[in-house]
Amino acid sequence: MPLDRSIRDEFVALLGSDDVLDDPVRTRTYECDGLTGSRVVPELVLLPRTADDVAGCVRICARHRIPFVARGAGTGLSGGALPVAEGVVIGLNRLNRVLEVDPGNRRAVLEPGVTNLEITAAASPHGLYYAPDPSSQQVCTIGGNVAENSGGAHCLKYGFTTNHVLSMEVVLPDGEVVTLGSDTMEQSGPDLRGVFLGSEGTLGIVTKVTVRLLRTPEVMRTLLADFPSVSAGGRVVSDIVAAGIVPAAVEMMDALAIEAAEGATGAGYSLDTPAALVVELDGTVEECEEQFALVKEICDRHGCTRLHVAGSPEERANIWRGRKAAFAAVGRISPDYIVQDGVVPRTRLAEILERIDEMGADAGLRVANVFHAGDGNLHPLVLFSAAEGQTEQAEHLSAQIAELCVEMGGSLSGEHGIGTDKACSMPRMFGEDDLAVMRRVRDGFDPDHICNPGKLLPTPRLCGEKPGLYRPHPLEEAGLIERL
């Protein structure tokens, strides 16, 4: 049932009429996140400006048992911010202030709408930076990073969001405001900070985050190396780690991903190579020079066909620009695509990439591969054409790849989260007892199931009526109506 008008009036009394959106054209803007195939138009969109506003919105929702979904920049790739019909979206973009940078204690205090890159921009005058760096760091927000426990290219050496968040101010599903964690990361009792971080918005809404900052490395050395096969590149990664070297980042792209990224950025990647490896070392000058020589030797040993060392900060930035543009750039070579996210043991990279290639061939679809090779975090992009009726086989192939990661001793997700996209695959990774414990934890925070419902955990409704990729209405295909 649509929300009663009196409930809308409560939100207007709290926020003002300009910050409560109910026009269908405006609410449709919030119908999906980066998983654009799944769409639901919310009943209302609320745009609070302060943490108190957020708590007030949640209290109204709790009083009337209205489902709500918190939304940041909408860059998530698993449907984690998919709205609920006849529910509300609480947008957090206006809570976007850097509240404090404390260089003495190497900390920063942020509102959830601060972008990932803005944290480093605020810290850099003090010789500090924020280590987690998702590819979408220019636009993704710290609130979303906390929800998904985001990683990025440099997570091999520096870890994920959970390793850098000290404490959080959180609005629980009943509207109570609490602080989880502490400025020192030490606390008595259960680690509720750890429970909340990565819970994909199902346990409450973050309104303030305290993160730790790192000292900017003395030197960074970056190379781009081409290889005759993805397998050869994978062996390089294994040998680098076996040699006792922990690079800041090790990234790999296959030929399809390189074609797309180079076409979009002109970053200098070779178009005739089956695979390219980006390796970055950081630390002291002496440490980097010694390790860099060994990395180049390992690359040569495995048939490196071209090795380019960034000679300036601009060249380094250009190499990373090509890598971080890969997801969006795939739209240049395919009308539609699904970004998958899974993890396998590093030693099985070559094996799973061969399997993915075989599975793609069996499905009659291409798969571009971009991945954090150092920790086995794959990002296969399933390319397809909805106009040619390939949607269902693309969805099926994407799910098969995620579940194959589990079969190979890995996990369903490394950083994008489960959301709605992989919730029905959770039993492939967890037993019923495990899932029951997760549900009990969730019930402890949200007994009324109003906080981002239908995400993360499998339910009969979700798995029986899973929202799939958007399919045009026949009248739309005939050109008689237009989707706004």
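These legends describe close-up views of one predicted model.

Local features are taken at pLDDT of at least 70 and side-chain atom pairs at pLDDT 80 or more, while totals for chains, interfaces and linings use all residues. Residues are numbered from 1 along each chain as its sequence is written, and side-chain values use heavy atoms, without hydrogens or water.

**View 1. Helix 13 against helix 14.**
Helix 13 spans residues 349-363 and helix 14 spans residues 391-407. Helices here are DSSP runs of H or I with at least four residues, strands are E runs of at least two, and both are numbered from the N terminus. The two axes come within 11 Å and cross at roughly 160 degrees. Axes are lines fitted to C-alpha atoms, for helices over the stretch in contact, and angles run from 0 to 180 degrees between N-to-C directions. Helix 13 and helix 14 are therefore roughly antiparallel. That term applies to angles over 145 degrees; under 35 is roughly parallel, 65 to 115 roughly perpendicular, and the rest oblique. The crossing of helix 13 and helix 14 is right-handed, a term for the near helix being turned clockwise from the far one by less than a right angle. Helix 13 contributes Ile352, Arg355, Ile356, Met359, Gly360 and Ala363. Helix 14 meets them with Gln393, Leu397, Gln400, Ile401, Leu404 and Cys405. Contact means heavy atoms within 4.5 Å. By class, the contact of helix 13 with helix 14 has eight nonpolar, three polar and one charged residues. Ala, Val, Leu, Ile, Met, Phe, Trp, Tyr, Cys and Pro count as nonpolar, Asp, Glu, Lys and Arg as charged, and the others, Gly among them, as polar.

**View 2. Helix 1 against helix 3.**
Helix 1 (residues 5-15) and helix 3 (residues 51-64) pack at about 165 degrees, with axes 10 Å apart. Helix 1 and helix 3 are therefore roughly antiparallel to each other. Their crossing is right-handed. On helix 1, the contact involves Ile7, Glu10, Phe11, Leu14 and Leu15. On helix 3, it involves Asp53, Gly56, Cys57, Ile60, Cys61, Arg63 and His64. By class, the contact of helix 1 with helix 3 has seven nonpolar, two polar and three charged residues.

**View 3. The nonpolar cores.**
The largest nonpolar core has 39 residues. A core is a set of buried Ala, Val, Leu, Ile, Met, Phe, Trp, Tyr and Cys residues joined through side-chain atoms within 4.5 Å. Buried means under 20% relative accessible area, exposed over 50%, and partly exposed in between, with a 1.4 Å probe and protein chains only. Phe227, Leu277, Val295, Ile352 and Leu378 have the most contacts inside this largest core. Val295 touches Leu223, Ile240, Ile245, Val279 and Leu281, not counting residues up to four places away in sequence. A second, separate core of 27 residues includes Ala153, Ala267, Phe327 and Leu381. In soluble globular proteins, nonpolar side chains tend to be buried together.

**View 4. Helix 9 and its cover.**
Helix 9 covers residues 255-265. Its buried residues are Leu256, Ala257, Ile258, Ala260, Ala261, Glu262 and Thr265. Their cover includes strand 13 (249-254), strand 14 (275-283), helix 11 (313-324) and helix 12 (326-329). Strand 18 (366-372) and strand 19 (377-384) are also included in that cover. Gly266 follows helix 9 and has a positive phi, near 60 degrees.

**View 5. Two residues with positive phi.**
Arg65 is found in the loop between helix 3 and strand 3 (68-71). Phi of Arg65 is positive, near 55 degrees. At 59% relative accessibility, Arg65 is exposed. His449 lies in the loop between helix 16 (432-445) and helix 17 (460-464). Phi of His449 is positive, near 55 degrees. At 46% relative accessibility, His449 is partly exposed. Most residues other than glycine have a negative phi.

**View 6. Arg215 and its contacts.**
Arg215 lies in strand 11 (residues 214-215). Its relative accessibility is 43%, so Arg215 counts as partly exposed. Gly127 is 88 residues away in sequence, yet the C-alpha atoms are 6.0 Å apart. Arg215 touches Arg106, His126, Gly127, Leu128 and Tyr129, not counting residues up to four places away in sequence.
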